[in-house]
Amino acid sequence: MNLTAPAKINLCLRVGPVRGDGFHRIATVFAAIQVHDQITLEDAAETSIDGFPDTLVTRALDALGEARMVTIDKRIPVAAGLGGGSSDAAAVLRALRGRRPVNDLYAIARSLGSDVPFFLSGLEVALGTGRGDMLQPLPQFPRDYGVLLVPAAEGLSTADVYAAAEPNEIYEAVRGEVIRSANAARTVQHVAALVGNDLEPAVLRLRPELADTLAAVREAGALAAAVSGSGPTVFGIFPDAAAARTASEMVEGSIATGPV
């Protein structure tokens, strides 16, 4: 069985106070992009993973009570703010769901991570609230923009980034603005206006060299640029795919892509 697991960017990420369960309240816009892992599942008596030791995939299989020989062709950078591990796990959950009720499947997804429900949903773009697991489809959201990704050589721990971050002092106000703007977005300019990340100051404190990457992406013509999720990948929004491809020739180590 062959599976495809796309990466995501957080077009915007607003971070509120810590909830009773230890997770922060967030408001985010997830967008799946055309960078993906390839996964092969084969019947086996015991689970083994070849190509990349993805613990979330192992946990997903354990939660389903399944065993498989798994091969992962890892194309999404690791610990990069692009959700690769979460997407891999969600692809396995979808493929092996059997007759499990949808609510049970989403309960497993939430137990694996806050991004996993988005990937499980199969949505191309969605508004995420709660801890990111409460999803609203955005069927009229634009899809005609270009994306430039600049992965870093070394990943970042999500836990370390959140520990260094300061919650947005006006979270309730910005949360409402994210919800309104995401539902009203119809043009590339609207997409660019959404871009922002409350975790970015913490990421830059941990990895100050990324300020130069952000500047390079903006100088290459991005309408907006930010760190995706907990970083350290930087992304830029461009008017179209051709503009992103042109920019990729100007920014070393970058990848031109676009929304799914």
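Strand β9 is joined to strand β10 (residues 234–238) by 4 bridges, and the two run antiparallel. Strands (E, at least two residues) and helices (H or I, at least four) are DSSP runs, numbered from the N terminus, and two strands pair if DSSP finds at least two bridges between them. The model is predicted: local features need pLDDT of at least 70, side-chain atom pairs count only at pLDDT 80 or more, and totals for chains, interfaces and linings use all residues. Residues are numbered from 1 along each chain as its sequence is written, and side-chain values use heavy atoms, with hydrogens and water left out.

Contact here means heavy atoms within 4.5 Å.

A further antiparallel pairing links β5 (residues 125–129) to β6 (residues 134–137) over 4 bridges, with Leu127 opposite Gln136 of β6. The two strands form a hairpin with 4 residues between them, and Gly130 in the turn has a positive phi of about 70 degrees. A positive phi, of about 50 degrees, is also found at Ala79, although this residue is not a glycine. Ala79 is placed in the loop between β4 (68–73) and α2 (84–95) and, at 39% relative accessibility, counts as partly exposed. By relative accessible area, buried means under 20%, exposed over 50%, and partly exposed in between (1.4 Å probe, protein chains only).

Helices α1 (residues 55–64) and α3 (residues 102–112) pack at an angle of about 145 degrees, with their axes 10 Å apart. The contact involves Leu56, Arg59, Ala60, Ala63 and Leu64 of α1 together with Leu105, Ile108, Ser111 and Leu112 of α3.

The whole structure contains 2 aromatic pairs (rings of Phe, Tyr and Trp, the last by its six-membered ring, with centres within 6.5 Å; planes under 30 degrees apart count as stacked, over 60 as edge-to-face and the rest as tilted). Phe30 and Phe118 are stacked, at 4.7 Å centre to centre and 15 degrees between the planes. Phe30 lies in strand β2 (residues 24–43) and Phe118 in helix α4 (residues 116–121), so the pair ties together parts 88 residues apart in sequence. Phe30 is buried at 1% relative accessibility, and Phe118 is buried with a relative accessible area of 1%. Phe30, Phe118 and Phe119 form one aromatic cluster.

Charged groups also lie over rings (NZ of Lys or CZ of Arg within 6 Å of the ring centre and within 35 degrees of the ring normal). Lys74 lies over the face of Phe52, at 5.2 Å from the ring centre, and the charged end of Arg131 sits over the ring of Phe23, 3.9 Å from its centre.

Key. Axes fitted to C-alpha atoms, helices over the stretch in contact; angles between N-to-C directions.
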